[in-house]
Amino acid sequence: MSKPRLFSTLQCLRHENPLGLPRSGAPPQLPRMQRGLPQKRPIPSVRKAIAVSSAKGGVGKSTIAVNLALAFARAGHRTGILDTDIFGPSIPTLLALSGEPRLSEKNQLLPLSNYGVKSMSMGYLVGEDAPVVWRGLMVMKALQQLLWEVEWGGLDVLVMDLPPGTGDTQLTVTQQVVLDGAVVVSTPQDVSLKDAVKGVEMMRKVNVPLLGMIQNMSVFTCPHCNHSTHIFGSEGVARACSKHNVPFLGDIPLHASICDDADRGKPTVVAEPGSVRAEAFTAIAERMAKEVGL
């Protein structure tokens with residue numbers, strides 16, 4: 001039984017509660033290890049958690065993350081996606097969702113759902129055109145609330161869409177959440193691969209199982225003559241995987257429909273389920289599911 005939302009991010013907020021959630025008593029304290037860092041713990045009612053990273057902006061990570069989540073859902077898994085990008089959330093647009101989440105009886109945020117996937121994002125808590133002009137402390141506190149104060153209601157798998165980079169948000173997620181695996185997305189060219197490799201090494205440093213790398217925008221096939229062109233290079237990610245001993249999960253082609261589907265809020269896996277493009281997402285999701293034991 002849910003009740004109407006009793007909070008607003010438009011009010012004057014405090015550092016200890018940036019999302020303005022109702023409070024009952026003192027906030028829970030994270031257990032800490034002897035070396036002073038928070039102890040990893042699983043997200044409540046979530047069986048498997050998988051992080052999708054890129055360490056580089058503009059490579060299509062969020063589009064891949066949401067299509068993977070939809071592929072898990074089509075395979076029969078209870079699936080959710082958590083948008084951890086506080087400044088540039090994409091999941092509301094990709095899933096054609098908007099509006100403020102309601103609160104559960106326990107004052108937990110209730111996810112918004114579409115296409116059989118539950119989702120939570122900072123984009124639901126601020127206006128569509130409103131910038132999040134916050135300093136680091138507010139951002140980290142908001143992230144804590146997105147991580148621990150969402151009532152997922154029982155999921156087989158939660159896909160966590162990480163923002164670009166290897167900074168505070170990535171460290172918070174990887175050091176506090178029990179992750180069953182992570183994937184790193186890159187395009188084939190060196191300018192993306194250099195940062196993607198940094199993302200790979202970060203996952204290793206924080207002891208997160210690395211499921212592999214995904215090569216996005218791998219090949220463009222002309223719809224008129226069917227000639228294929230590797231606009232950004234052909235095997236950059238595969239070579240990086242070989243060099244750094246990382247599994248190669250597969251290619252996603254460069255196709256206008258993937259972009260169009262994302263922009264209209266109906267990602268390729270549900271918009272064109274029988275297409276070669278959707279099958280590419282599905283094959284990668286199947287391999288990931290097998291690796292994490294779904």
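This is a predicted model: local features need pLDDT of at least 70, side-chain atom pairs count only at pLDDT 80 or more; totals for chains, interfaces and linings use all residues.
# Walking through the fold

Residues are numbered from 1 along each chain as its sequence is written, and side-chain values use heavy atoms, with hydrogens and water left out.

Back to the strands. Helices (H or I, at least four residues) and strands (E, at least two) are DSSP runs, numbered from the N terminus. Two strands pair if DSSP finds at least two bridges between them. Strand β2 (residues 79-83) pairs with β4 in the parallel sense, over five bridges. Strand β3 (residues 112-114) also pairs with β4, this time in the antiparallel sense over three bridges. Here Leu112 is the residue opposite Ser119 in β4. β3 and β4 make a hairpin with two residues between them, and Tyr115 in that turn has a positive phi of about 55°. How many residues of β4 are buried? Four of the five in β4 (residues 117-121) are, so the strand is mostly covered; buried means under 20% relative accessible area, exposed means over 50%, and partly exposed is in between (1.4 Å probe, protein chains only).

Now zoom out. The chain has nine helices and nine strands, and 52% of its 294 residues count as buried. Contact means heavy atoms within 4.5 Å. Among the contacts with a separation of 6 or more, 77% come from residues 24 or more positions apart. The accessible surface (Shrake-Rupley method, 1.4 Å probe, where for residues only the protein chains shown count as cover) comes to about 13600 Å², and 51% of that belongs to carbon and sulfur atoms.

Next, some helices. In α6 (residues 236-244), the buried residues include Gly236, Val237, Ala240 and Cys241. They span an arc of only 135° around the axis, which means they sit on the same side of α6; the arc is that of the directions from the helix axis to the C-beta atoms. Turned away from that buried side is a face of α6 with the exposed residues Arg239, Ser242 and Lys243. Just after α6, Asn245 takes a positive phi of about 60°.

Helix α7 (residues 256-263) has Ser257, Ile258, Asp261 and Ala262 buried. These cover an arc of only 135° around the axis, so they share the same side of α7. What covers them? After α7 comes Gly265, with a positive phi near 75°.

Helix α5 (residues 190-205) holds Asp195 and also Lys198. Which of them is buried, and which exposed? Asp195 counts as buried because its relative accessibility is 19%, whereas Lys198 is exposed because its relative accessible area is 53%. Leaving aside residues up to four places away in sequence, Asp195 touches Ser54, Ala55 and Lys56. As for Lys198, its C-alpha atom is 9.9 Å from that of Val184, 14 residues apart along the chain.

Last, the rings. The charged end of Arg41 sits over the ring of Trp148, 3.8 Å from its centre; that label requires NZ of Lys or CZ of Arg to be within 6 Å of the ring centre and within 35 degrees of the ring normal.
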